[in-house]
Amino acid sequence: MREQAELDSVDWHILEELQNDATLPNRTLAEIVGLAPSSCLQRVRRLRDLGVITGSHAVVDPATTGLPLEAVISVNVRPHTRVVVAGFRAFVMAQPETRSIFHVSGQADFLIHIAVAGSTHLQAFLMDKIASRTEVRNLTSSVVLERVETRALTPPANLRPTHRRRRVD
């Protein structure tokens with residue numbers, strides 16, 4: 001597990017803005033957060049170096065690409081060992097239908113978010129790719145009726161820093 005990075009109020013402001021639009025030019029980002037462009041760039045680089053920012057991506061609407069049906073699949077695997085979990089996770093992530101996978105505690109071992117062309121494609125994915133695996137003990141699927149976009153990660157008010165980090169040279 002990585003060590004927690006020390007983030008101040010400006011770092012969080014930068015993170016919020018980049019999560020909402022990772023294509024912001026540095027000059028615009030600097031204006032928004034109230035920094036000189038060079039200081040803003042330095043902070044963004046620091047956030048990358050610390051592993052706080054791990055990448056940037058485009059958000060694609062599955063329906064416009066011919067994959068209008070999304071589903072979440074709950075899966076239990078047995079035996080629930082590191083080897084089985086790693087193998088199943090790698091298999092699922094290699095499937096083009098997979099959008100994300102969560103290894104979770106509770107009733108299910110995995111929650112898999114997929115996008116498919118329709119109910120026939122969903123059935124084939126469930127039966128031919130997931131249920132046919134020897135480690136899968138049971139599965140249930142739920143069709144996504146509405147997808148609400150992920151919000152930017154922000155700390156709760158009681159944990160949000162109100163100070164700026166002191167510069168250490």
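Predicted model: local features only at pLDDT ≥ 70, side-chain atom pairs only at ≥ 80, totals over all residues.
Me: Which residues make the contact of α1 with α2, and how do they divide by kind?

Reply: On the side of α1 the contact is made by His13, Ile14, Glu17 and Leu18, and on the side of α2 by Leu29, Ile32 and Val33. The residues of this contact divide into five nonpolar, one polar and one charged.

Me: What makes α2 roughly perpendicular to α3?

Reply: Helix α2 and helix α3, the latter at residues 37-49, pack at an angle of about 100 degrees, with their axes 8 Å apart. Because the range from 65 to 115 degrees counts as roughly perpendicular, α2 is placed in that class relative to α3. From α2 the contact takes in Asn26, Arg27, Leu29, Ala30 and Val33, and from α3 it takes in Pro37, Cys40, Leu41 and Val44; these residues divide into seven nonpolar, one polar and one charged.

Me: Why does the pair α1 and α3 also go by the words roughly perpendicular?

Reply: Helices α1 and α3 pack at an angle of about 80 degrees, with their axes 11 Å apart. The range from 65 to 115 degrees is the one that counts, and so α1 is roughly perpendicular to α3. Here Val10, Asp11, Ile14, Leu15 and Leu18 in α1 meet Cys40, Arg43, Val44, Arg46 and Leu47 in α3, and the residues of this contact divide into seven nonpolar, no polar and three charged.

Me: How do you know that Phe88 and Phe110 form a pair, and why is the pair called tilted?

Reply: Rings pair if their centres lie within 6.5 Å, and the count comes to one aromatic pair. The rings of Phe88 and Phe110 have centres 4.9 Å apart and planes at 50 degrees, so the pair is tilted, given that planes under 30 degrees apart count as stacked and over 60 as edge-to-face. Phe88 lies in helix α4, residues 82-93, and Phe110 in strand β3, residues 110-116, so the pair ties together parts that are 22 residues apart in sequence.

Me: What kind of peptide bond joins Arg78 and Pro79?

Reply: A cis peptide bond joins Arg78 and Pro79, with omega about -5 degrees, whereas most peptide bonds are trans. Pro79 has its place in the loop between β1, residues 69-77, and α4.

Notes: Residues numbered from 1 in each chain as written. Heavy atoms only, no water. Contact = heavy atoms within 4.5 Å. Helix = DSSP H or I, 4+ residues; strand = E, 2+ residues; numbered from the N terminus. Nonpolar A, V, L, I, M, F, W, Y, C, P; charged D, E, K, R; others polar. Phe/Tyr/Trp six-rings, centres within 6.5 Å; stacked < 30°, edge-to-face > 60°. Axes fitted to C-alpha atoms, helices over the stretch in contact; angles between N-to-C directions. Parallel < 35°, antiparallel > 145°, perpendicular 65-115°, else oblique.
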